[in-house]
Amino acid sequence: MDDDIFQISSTAEEEYQKIVRHAFHCIRSGYTDIEVQSIDTDVLVLLLAYVAKTFELIYDPALNIYFKLITANPKWFNIISFINHFGINICKACPYFHAFTGCDPCQVSMGKENVYFLIPG
């Protein structure tokens, strides 16, 4: 098996986990401009948490990680700027908050009404 393929192979069943693993493979391979696109906020939340968790290990001033949330009005997020603004601990906690609130645009389109956004003051 090719070494590059082996490095990103996993037993992850959810596609968003595979997307995040692939982004980290690109970072480890030396890419400095990473762009991830998805319609699912799960990808954004996991990407944010994993980058924050390993921020000291992967930090490179030239590293740019962008996430594009594909909606009717697409939104771009600079992951590194987000971590610098909100802090590592808040970004690492995002998956837990996301899991408890069910905050996901896909759920809104399916008729679920309680969607919350937390912005620390």
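What share of the contacts in the chain with a separation of 6 or more is accounted for by residues 24 or more positions apart? Such residues account for 61% of these contacts, where a contact means heavy atoms within 4.5 Å. The structure is a predicted model, in which local features need pLDDT of at least 70 and side-chain atom pairs count only at pLDDT 80 or more, whereas totals for chains, interfaces and linings use all residues. Residues are numbered from 1 along each chain as its sequence is written, and side-chain values use heavy atoms, with hydrogens and water left out.

The secondary structure of the chain comes to seven helices and three strands, these elements being DSSP runs numbered from the N terminus, with at least four residues of H or I for a helix and at least two of E for a strand. Along the sequence the elements follow the pattern α-α-β-α-α-β-β-α-α-α. Of the 121 residues of the chain, 32% count as buried, a class that means under 20% relative accessible area, with exposed meaning over 50% and partly exposed lying in between, for a 1.4 Å probe and protein chains only. The chain exposes about 8200 Å², of which carbon and sulfur atoms supply 56%; accessible areas come from the Shrake-Rupley method with a 1.4 Å probe, and for residues only the protein chains shown count as cover.

The three strands form an open sheet in the order E1-E2-E3, with mixed pairing, where two strands pair if DSSP finds at least two bridges between them. Strand E1 (33-38) and strand E3 (75-78) are the edge strands, each pairing on one side only. Neighbouring strands of this sheet are turned by 20° against each other on average, direction ignored; axes are lines fitted to C-alpha atoms, for helices over the stretch in contact, and angles run from 0 to 180 degrees between N-to-C directions. Strand E2 (residues 64-69) pairs with E3 in the antiparallel sense over four bridges, and Lys-68 stands opposite Trp-76 in E3. Helix H3 (residues 41-53) lies across E1, E2 and E3 and runs at about 160° to E2, while helix H5 (residues 79-86) packs on the sheet, touching E2 and E3, with its direction at about 65° to that of E3.

The structure holds three aromatic pairs, which require that the ring centres of Phe, Tyr or Trp (its six-membered ring) lie within 6.5 Å; planes under 30 degrees apart count as stacked, over 60 as edge-to-face and the rest as tilted. One of these pairs joins Phe-24 and Tyr-50, whose centres are 6.5 Å apart and whose planes stand at 80°, so the pair is edge-to-face. Because Phe-24 lies in helix H2 (residues 15-28) and Tyr-50 in helix H3, this pair ties together parts that are 26 residues apart in sequence. Phe-24 counts as buried at 13% relative accessibility, whereas Tyr-50, at 40%, counts as partly exposed. Phe-67 and Phe-77 form a tilted pair, with 6.4 Å from centre to centre and 40° between the planes. Phe-67 lies in strand E2 and Phe-77 in strand E3, so this pair ties together parts that are ten residues apart in sequence. Phe-67 is buried at 0% relative accessibility, and Phe-77 is partly exposed at 22%.

With a disulfide taken as a pair of cysteine sulfur atoms within 2.5 Å, the count comes to zero. The sulfur of Cys-91 is 5.3 Å from the closest cysteine sulfur, in Cys-94, which is too far for a bond. Cys-91 is itself buried, with a relative accessible area of 0%.
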